[in-house]
Amino acid sequence: MSSFAKPISGVHRTSVDRPLRLVTGRAGTSVSLDNVELSFADRRGEQRILESTSLDIRAGEFVCLLGPSGCGKSTMLNLIAGLLAPTKGKLLANGRPIVAPSPKRAMVFQDAALFPWLTLRSNIEYPLRLQSIDQGEREARSEELLRLVHLFRFADHYPHELSGGMRQRGAIARALATDPEILLMDEPFAALDAQTREILHAEVERIHTLFRKTFVFVTHNVREAVRLADRIVLMGTRPGRVLREVEIALPRPRPANDLRMSEIANDIANIIASEVEKVAREEADDAWLAPANSVRVGSHRHLGGSI
Amino acid sequence: MILSLRESAKDGVLVRAVVTTSLRLFVGYGVALALGIPLGVALAKQRLVKQTAGPLIIGLSSIPSICWLPLSLLWFGLSETAIAVVVVLGSLLPIAVATENAVRLVPPQIERAALTMGARRLRLLLSVTLPAAFPGILGGAKLGWTFALRSLMAGELLFVSGGLGQLLETGRDLGDTALVVGVMVVILVLGRLAESLVFERLDRVVVRVWGVAT
């Protein structure tokens, strides 16, 4: 807590007096990482968490950071949030250096992180309360957001009375409350069942299309990344680094069972498979051979791709 | 038993004893809460405090609080302060230790979420960390309450005048078993009353709101 506890000038009233804006075509770079590196020292010496990384994210772009665990994707997200400080390099958000967390960069966590002692409505109003926004506006705003995520009927429920998917929708509504420029999502749907996840993908896509905010979405699920992203940043492990970037040019809204999506996902899975094998070999520490085609590769997976 | 109690009640001894004991309990327990919760938070959040005061507090908590009474009597004389010190020391440490635990066990995402929304320092502590730790702190407060009651009874039995503890001693001196048992029942009723009026209600709130039992 202490290292983050610097008061920052960036905390100010955001545009709650305006309704949710339908912004179209916000130009320019939203987030920029310039040779950002993170390492820390422990008893085995220096541990490199994230190797020197440069990345520009356009305003309104939906970027997925995709990779196996330990690839530094969550680290990268925490750096952008301002929750971590880089060892080297520069991070900019809308041209200004990132030095501390800010309501302009809202975050959604894997377990929703709704406050258990507040009702859903109060959870959504909490960030507005921090900005001393008066009660009338708070209520109007939270109602609007609750309707946006289809949870208005559950406004007075406590988080433990909601399902996992509802909690995540609540967390998304809370993140939107301060009308942030950037939404950071850290494997928000990893703990949900497949059906709920598909529904939430559609919701996120709808919200992205509606408000054109910049989304940075961390996942280890290839299909999820292909389903959502304009661009996938593929990351590898040991040390965490960017392997390559893949633009997904599929039109939106994307149907959940699009065949082209499966093909792209397959190609990406192949790239990841070699990475995973590398890690497995390292962890097994002697001659390890991943069984052939064990990791979602192989022609039978192409689902008619050669027809 | 009823007769003995009625007799004590008639000349006001019982009422005075109940009032004296309750006052001592409330003051001692109140001070213990007021000091113990901030101490626990400091132990959890400030590394310097943890490293310096941490071992001391663990060490001190292994001294039964009644052992402080002789020292307290030497310093403060046969006074209310002396007994208050014993009560405070008896209940402060379990409250502080439970608070420290509860604060340390607050899921980091909860505080991180609040940070990204712009909460800082005191605001973060009061509006997020403490509410998040509340079920655990309540557990410590309950523990502290029973410790306060025990310390006070021991203190009153041993040295300090007035109060239910001394009434017990009087009963023994007079060989009045009925009085002794009667006073024990009164102590039990006091303890139960605090439980059902305060702690059980708070427990129900925790179950309803947090969805967990303490």
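**Sheets, helices and loops in the predicted model**

Chain A contains seven helices and 10 strands. Helices (H or I, at least four residues) and strands (E, at least two) are DSSP runs, numbered from the N terminus. This is a predicted model, in which local features need pLDDT of at least 70, side-chain atom pairs count only at pLDDT 80 or more, and totals for chains, interfaces and linings use all residues. Residues are numbered from 1 along each chain as its sequence is written, and chains are lettered from A and ligands numbered from 1 in the order in which they are written.

Chain A has 307 residues, and 41% of them are buried. A residue is buried if 20 or more other C-beta atoms lie within 10 Å of its own, exposed if 12 or fewer, and partly exposed in between, with C-beta atoms placed from the backbone. Contacts were also counted; two residues are in contact if their C-beta atoms, placed from the backbone, lie within 7 Å. Among contacts in chain A with a separation of 6 or more, 72% join residues 24 or more positions apart.

Strands of a sheet pair through backbone hydrogen bonds, either parallel or antiparallel. Here two strands pair if DSSP finds at least two bridges between them. One open sheet in chain A has six strands, in the order E6-E7-E8-E3-E9-E10, and its pairing is mixed. Strand E6 (105-108) and strand E10 (241-247) of chain A stand at the edges. Each has a single partner strand, so one side of each is left without a neighbour in the sheet. Neighbouring strands of this sheet are turned by 20° against each other on average, direction ignored. Axes are lines fitted to C-alpha atoms, for helices over the stretch in contact, and angles run from 0 to 180 degrees between N-to-C directions.

Helix H4 (residues 164-176) of chain A lies across E6 and strand E7 (182-186) of chain A. The helix runs at about 170° to E6(A).

A further open sheet in chain A has four strands in the order E2-E1-E4-E5, with antiparallel pairing. Its edge strands are strand E2 (45-58) and strand E5 (96-97) of chain A, and each pairs on one side only. Strand E4 (residues 88-93) of chain A meets E5(A) over two bridges in the antiparallel sense. A:Ala93 stands opposite A:Arg96 in E5(A). Helix H1 (residues 73-81) of chain A packs on the sheet, touching strand E1 (29-42), E2 and E4 of chain A. The direction of H1(A) makes about 115° with that of E1(A).

Helix H3 (residues 135-148) of chain A has 14 residues. From first C-alpha to last, H3(A) reaches 20 Å, close to the 20 Å expected at 1.5 Å a residue. The expected span of a helix is 1.5 Å times one less than its number of residues. The buried residues of H3(A) are A:Arg138, A:Arg141, A:Ser142, A:Leu145 and A:Leu146. They cover an arc of only 130° around the axis, which puts them on the same side of H3(A). This arc is that of the directions from the helix axis to the C-beta atoms. An α-helix has 3.6 residues a turn, so residues three or four places apart point the same way. The buried residues of H3(A) pack against helix H2 (120-130) and H4 of chain A. The face turned away from the buried side carries the exposed residues A:Gly136 and A:Ala140. Just after H3(A), A:His150 takes a positive phi of about 60°.

In chain B, helix H5 (residues 80-104) has 25 residues and reaches 35 Å from its first C-alpha to its last, close to the 36 Å expected at 1.5 Å a residue. H5(B) is mostly covered, with 20 of its 25 residues buried. H5(B) bends by about 25° at B:Leu92, and B:Pro94, a proline, follows within four residues. The bend at a residue is the angle between axes fitted to the seven residues ending there and the seven starting there.

A:Glu187, in the loop between E7 and helix H5 (194-211) of chain A, has a positive phi of about 45° although it is not a glycine. A:Glu187 counts as buried, because 21 C-beta neighbours lie inside 10 Å. The peptide bond from A:Arg252 to A:Pro253 is cis, with omega near -10°.
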